[in-house]
Amino acid sequence: MPGSAIVRHVVTFGRVLREAGLEVGPQRIQDALSGLDEVELERRDDVYWTLRQTLVARAEDLETFDAAFAAWFERAPGRRAARRPRPETVRPVASLAAGGDGESSPPSGEQPARGWSAEELLRKKDFAAMSPDEFEHVRKLIARAGDCRPQRRSRRLRPHRRGRDLDLRRLVRASLATGGDAVERSFRRRTDVPRKVVLLCDISGSMEAYARALLLFLHAVVGSGRGVEAFVFGTRLTRLTPELTTRDPEQALAAAARRVLDWTGGTRIGSSLKAFNDEWGRRALTRGAVVVVASDGWEREGGASIATEMARLSRAAFAVVWVNPLKGHPEYQPLAGGMRAALPYVDRFLPGHNLASLDALAQVLSGIERRHAA
Amino acid sequence: MPFASIDDLQSALLAADYLPDRGLGTALFLALRLQKPLLLEGEAGVGKTEAAKALARAQGARLIRLQCYEGLDVAHAVYEWNYSRQLLHIRAAQEGSVAEEELFGPEFLIRRPLLEAIESTDPVVLLIDEIDRADDEFEAFLLEVLSDFQITIPEIGTIRAKRRPSVILTSNRTRELHDALKRRCLFHWIGHPSLEREIEIVRLRVPGVPERLAAQAARFVQGLRSLDLAKPPGVAETLDWAQALAALGHEELSAEVVEETLGSVLKYHEDLLSVRDETLVGLLEEARSAR
């Protein structure tokens, strides 16, 4: 075991890393100390690699580690370990959508007429036109709608009465009693398992009310098991998956909004899709997944890059669904450059502007097949 | 044969035709000394799988490889009973019944990579390749094997490793692995090599490649990596390319040569299209300025 000065050093360094957001348990500290015991402590790079390989477990944390190492062991002035931004409890600006684009939806404040259940009215109401109270009410309904999941055939075999593959293991056991005659045959067959779902949600100003609803929807889908990934974008793209599994989705959205929104910049759909394809598509996250893009298709940069990136996306994905709340308006035509460029690569084109259309989205997701016409 | 220091290990790897940088050398050394599995991540084609193979060669150990895929299960990773032999055996016994212990004994067992690695009495490097492709259930199972180095077969009992295999896991990060699994592993990220190192790697792995050509090809590929490509080429692509160029008898790069052979470096149509004309000329000039 290394000397006590080194032990103290490493333990403190572990604390620095923990503070910077890394998960450094006692086992890792133990490994680091045993590792240092094996290498030459005079060689700075050996010490560096040993600590890095024992204390870090995720590629995302390497940069933080490097900064912390530089600050701690080399006392580089002015270079402190970058802290992870922690989401604060700020609600999204709920009033924003009410100012702009909810004109064609029923006027808010209207009391439910007799003969209609309030729920039925709310189902048809545009999310952007809802009062905070009404939205609170539909939260639960959205969560119920999200309890669906597209399925795919697994390669794994499970016992099944009407399967086609003989379960030889069982057969041999059963044959023991009958002297090698397989009297009772059991079968196995492939079962269905949840398909990957990836949501890319535009959270720029015009999309804000819908983004909230969609993320609540997705929060429920995440609850249906692993293999759900959520990303939000405005001028930049950010991954929201970890927040969605552990935190209140609205808090997560608010925190993300501050990270990805540059209010003067407008939406960059093309470059956000590109960022996704480059970083996550390359790691095959898209392969075999149902990708849901939620955006109104307003693009400042022109449609060319959207077409390129949608083509890349659709080649790898199992199916691409585009959710555009503007489609809920009866006279809407997908004329905006971005939207028109994307449509050829979209398998299903849906509105998603109210609860009824989220139900429709849920149905499409659970029964989707490859290459529907949009 | 244990290695006394990182330098020792690195020269043994070099003798096995693999050129690791100090970081990877340290990682492999620590994995051996601390007897912990090593998780290697990095872009495709940076030599993750190759590292395990080289480690086996350097130690004179046997390499046992388990290629992961979705739906990989115990029957394909650990063991399976030889059902047809079992059935024949029951038949052959004719009268008189067959004892169950007899039927589920070691001679009816088909050993798959994990069991083979655990049972081996010779030194073994166990390569669990592309673990991110296997599903959660398998990962959980692997966790058990990697923490205790033992496998339980209900009919036979628990089989403990007589000698711990060195374990290398690789992942392309198509999904995040379980924390519990990561906690049991040392972790090393393999990046693209520096220019000097890449030239050295080409010269080591493509015998007979002209020195000039090796330098130019490596520099050209480094230039490609700085472009905005769908799939930047890895060291594996540089080696493929250098091999192709050497086989065609070229001494150095020219526009025609690059046009003809670029398909062995860039595997995506869009990427091939985007590296045309001025881009290509620029990269080529840069590459040819290499001494």
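Let's start with a term: two residues are in contact if their C-beta atoms, placed from the backbone, lie within 7 Å. With that in hand, take Ile168(B). Setting aside neighbours within four places in sequence, Ile168(B) is in contact with Leu38(B), Leu40(B), Ala51(B), Ala52(B), Leu55(B), Val125(B) and Leu127(B).

A word on what you see: this is a predicted model, where local features need pLDDT of at least 70, side-chain atom pairs count only at pLDDT 80 or more, and totals for chains, interfaces and linings use all residues. Residues are numbered from 1 along each chain as its sequence is written, while chains are lettered from A and ligands numbered from 1 in the order in which they are written.

Back to Ile168(B), which is among the residues with the most contacts inside the largest nonpolar core, a set of 93 residues. Such a core is made of buried Ala, Val, Leu, Ile, Met, Phe, Trp, Tyr and Cys residues joined through C-beta atoms within 7 Å. Buried means 20 or more other C-beta atoms within 10 Å of a residue's own; exposed means 12 or fewer, and partly exposed is in between. Helix 11 (residues 211–226) of chain B gives the most to this core, with eight residues. Helices (H or I, at least four residues) and strands (E, at least two) are DSSP runs, numbered from the N terminus.

Now, where do the chains meet? 33 residues of chain A are in contact with 34 residues of chain B. On the chain A side, helix 3 gives the largest share, six residues.

From chain B, let me pick out Phe187(B), found in strand 9 (residues 186–190) of that chain. Phe187(B) is buried, with 24 other C-beta atoms within 10 Å. Not counting residues up to four places away in sequence, Phe187(B) touches Gln53(A), Val56(A), Ala57(A), Leu39(B) and Lys182(B). Phe187(B) also lies 5.9 Å from Leu38(B), C-alpha to C-alpha, though the two are 149 residues apart in sequence.

Finally, look at chain A. Six of its strands form an open sheet in the order 6-5-4-7-8-9, with mixed pairing; two strands pair if DSSP finds at least two bridges between them. Strand 6 (237–239) and strand 9 (348–350) of chain A each have a single partner strand, so one side of each is left without a neighbour in the sheet. Further in, strand 4 (residues 197–202) and strand 5 (residues 228–233) of chain A pair in the parallel sense over six bridges. There, Leu199(A) stands opposite Ala230(A).
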